[in-house]
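Colleague: I am new to reading protein models. Could you walk me through how the terms are decided?
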Amino acid sequence: MASDLSRLGNYFCSLGCLCSSVGMAAESESCNCDAWAAKDPSGVLSPYRFNRRTVQPDDVSLRITHCGVCYADVIWTRNKHNDSVYPLVPGHEIAGVVTEVGSDVKGFKAGDHVAVGTYVNSCRDCDNCNSFLENHCSKFVFTFNGVDTDGTVTKGGYSTHTVVHQRYCYKIPDGYPLEKAAPLVCAGITVYTPMMRHNMNQPGKSLGVIGLGGLGHMAVKFGKAFGLKVTVFSTSESKRDEAISLLGADNFVLSSNEKQMGVLNILNLL
Ligand SMILES: [Zn+2]
Ligand SMILES: [Zn+2]
């Protein structure tokens, strides 16, 4: 699910007045980006204003229209890994519209629809980076709560705009809904990649999907789009209707039912 961020700007206009009235005007004037941030591990997000860097020669600046909600947002806003740096702006399923590009950027222009996923920097020189596997680079920088090469802590997509090196920005085809594009750059790619690696884009093959959360939904949808026979495994009978009727899965298996679990033997990929 993608959140509509279009109202954020209006919300913050009124908040700006509040900031002034409590003596925060100086800080607001030097900041160019409005966001929702966690200030502590409570899980509550509140308005926050900070500064994005100015556009460098290889940068793309985009107005964020939508940002998917990922479980990673919960993990780090609530400091589950004991490494959260507050204020923390979550969000790494970003979709939006390009507003400005640096002088060396050739592949993007103002007005383009683009997405930014889970990382915004890497060494660009190792075997992984040279194989389009930047997410395995040892110097990979996470889109939020990561320490970038300039020492700043990265801030994510629950914000009005972002500035990113062109290498970590992806074009969304014209006409494709931005709210549907956003979840593809984390949940979507996470299930799409193994399916492609294991040739699970060949009609007639059988795919098993464990759990119907964010990734599971995506896996079922890709599976049906590829013409696969899709079986959903769940601990909860309450997911049956959603799996079969809404997402179009062919089969639903309650994982506590040993007899039904026999279907495992006929799957090509789980
Ligand atoms: Zn994610
Ligand atoms: Zn690298």
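Modeller: Gladly! Helices (H or I, at least four residues) and strands (E, at least two) are DSSP runs, numbered from the N terminus. By that rule, the protein chain has 8 helices and 13 strands. This is a predicted model, where local features need pLDDT of at least 70, side-chain atom pairs count only at pLDDT 80 or more, and totals for chains, interfaces and linings use all residues. Residues are numbered from 1 along each chain as its sequence is written, while chains are lettered from A and ligands numbered from 1 in the order in which they are written.

Colleague: Why is Asn79 called partly exposed?

Modeller: A residue is buried if 20 or more other C-beta atoms (placed from the backbone) lie within 10 Å of its own, exposed if 12 or fewer, and partly exposed in between. Asn79 has 18 C-beta neighbours inside 10 Å, so it counts as partly exposed. Asn79 sits in the loop between H3 and E5, and has a positive phi of about 60° although it is not a glycine.

Colleague: And what makes Asn199 exposed?

Modeller: Asn199 has 10 other C-beta atoms within 10 Å, so it is exposed. Its place is the loop between helix H6 (187-197) and strand E11 (206-210).

Colleague: What makes Val209 a contact of Val220?

Modeller: Two residues are in contact if their C-beta atoms, placed from the backbone, lie within 7 Å. Leaving aside neighbours within four places in sequence, Val220 is in contact with several residues, including Val209, Val230 and Leu247.
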